[in-house]
Amino acid sequence: MVFRYFEKWKSRREKGMMKHSWNIKLGRMMKAGVHLGHKTKKWNPKMAPYIFTERRKLHIINLTQTARFLSEARDLVFDAAGKGKQFLIVGTKNPAAAATKSAALRARCHYVNQKWLGGMLTNWSTTKMKLQRLKYLKKKQNTGGFRRFTKKEAARLKRQLDQLQKYLGGLRYMTRLPDIVIIVDQKKQYKAIKECRTLGIPTICLVDTDCDPDVVDIPIPANDDSITSIRLILRELTSAICEGRLL
């Protein structure tokens, strides 16, 4: 499935039609630690254009570049939200999981904050069946349907429900593939990025100094280990989504 919306958006933006004046403050990003990269020995040379300097064997991210790409990402999600597009936010590592869920709920987006299950998007028909099963079991539980089974069978269904809720609960209301995927940790979510690339789904991704900015559509140079950095970037993106939906 090829998503043509992103290409059309890029074309309009290049003509100066889609640019907004977002109030992105560098001082606030610095306070949140967005500029702190990895140790210099762990860097990816492709990140060189986004690095300002090195200090105490750590790379320091150029926040001007962060602001530039964050502004571009906000333009995209603002426009997409105004057109009724669907968003998926993915962040499963410990510092990001809670922030991912909180940001997604705030902006009414779908989310994955536990393990990414292979084929979650590329094998959408199977994922859809699992979501239907999740809804069925949830309804059974809420209406007291589990009491009709033996204790052993009820326990088995409860375990199945808990597993589905854990890994697919954030996709419960997703009826089709997302139009845009926001990814918090590139290295951990390489499977999700690969599936998005296969399907042609545009990706926005935080990229630390050890990442490859070329594998995503809009890379946002930022510290992807700090919870304050992650929260700030997600807050900027989800606020643009909320604003876009008001149009």
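I started with Asp225, which counts as partly exposed because its relative accessibility is 40%. My scale: buried is under 20% relative accessible area, exposed is over 50%, and partly exposed lies in between, with a 1.4 Å probe and protein chains only.

Ground rules before going on. The model is predicted, so local features need pLDDT of at least 70 and side-chain atom pairs count only at pLDDT 80 or more, while totals for chains, interfaces and linings use all residues. Residues are numbered from 1 along each chain as its sequence is written, and side-chain values use heavy atoms, with hydrogens and water left out.

**Entry 1: salt bridges**

I asked how many salt bridges a search of the whole structure finds. The search gives 12. To count, a side-chain nitrogen of Lys or Arg must lie within 4 Å of a carboxyl oxygen of Asp or Glu. Side chains of opposite charge can pair when their charged atoms come close.

I went back to Asp225. Its side chain meets that of Lys93 in a salt bridge, at 3.0 Å from N to O. This pair links distant parts of the chain: Asp225 sits in the loop between S8 and H8, Lys93 in the loop between S4 and H4, 132 residues apart. Names such as these are DSSP runs numbered from the N terminus: helices (H or I) have at least four residues, strands (E) at least two. Lys93 counts as buried because its relative accessibility is 12%.

Lys93 also forms a salt bridge with Asp185, where the closest N and O atoms are 3.7 Å apart. Asp185 lies in the loop between S6 and helix H7 (190-199), and Lys93 in the loop between S4 and helix H4 (94-106), so this pair ties together parts that are 92 residues apart in sequence. Asp185 is buried, as is Lys93.

Next I looked up Asp212. Its side chain and that of Lys46 meet in a salt bridge of 3.2 Å, N to O. Here 166 residues separate the partners: Asp212 is in the loop between S7 and S8, and Lys46 in the loop between strand S1 (36-39) and strand S2 (51-55). Asp212 is buried at 17% relative accessible area. Lys46, at 42%, is partly exposed.

**Entry 2: Asp208**

Asp208 is in the loop between strand S7 (203-207) and strand S8 (218-221).

I then checked its polar contacts. These are pairs of N or O atoms within 3.5 Å; within protein, one must be able to donate a hydrogen and the other to accept it, and residues adjacent in sequence count only if both atoms are side-chain atoms. One of 3.4 Å joins the side chains of Asp208 and His38. The Asp208 side chain also reaches the backbone nitrogen of Asp224 at 3.1 Å.

**Entry 3: the sheet**

I traced an open sheet of 5 strands, in the order S5-S4-S6-S7-S8, with parallel pairing. Two strands pair if DSSP finds at least two bridges between them. Strand S5 (110-112) and S8 are the edge strands, each pairing on one side only. Neighbouring strands are turned by 20° against each other on average, direction ignored. Helix H8 (residues 227-245) packs on the sheet and touches S4, strand S6 (180-183), S7 and S8; its direction makes about 170° with that of S4. Contact means heavy atoms within 4.5 Å. Axes are lines fitted to C-alpha atoms, for helices over the stretch in contact, and angles run from 0 to 180 degrees between N-to-C directions.

S7 and S8 pair in the parallel sense over 4 bridges. Ile204 has Ile218 as its bridge partner in S8. From S8, Ile218 and Ile220 point one way, Pro219 and Pro221 the other, and all are buried.

I listed the buried residues of H4: Ala96, Ala97, Ala99, Thr100, Ala103 and Ala104. Their cover includes S4, S5 and H8. Just after H4, Arg108 takes a positive phi of about 55°.

Asn113 is in the loop between S5 and helix H5 (124-142). Is Asn113 buried or exposed? Asn113 counts as buried because its relative accessibility is 12%. A polar atom of its side chain lies 3.2 Å from the backbone oxygen of Ala97.
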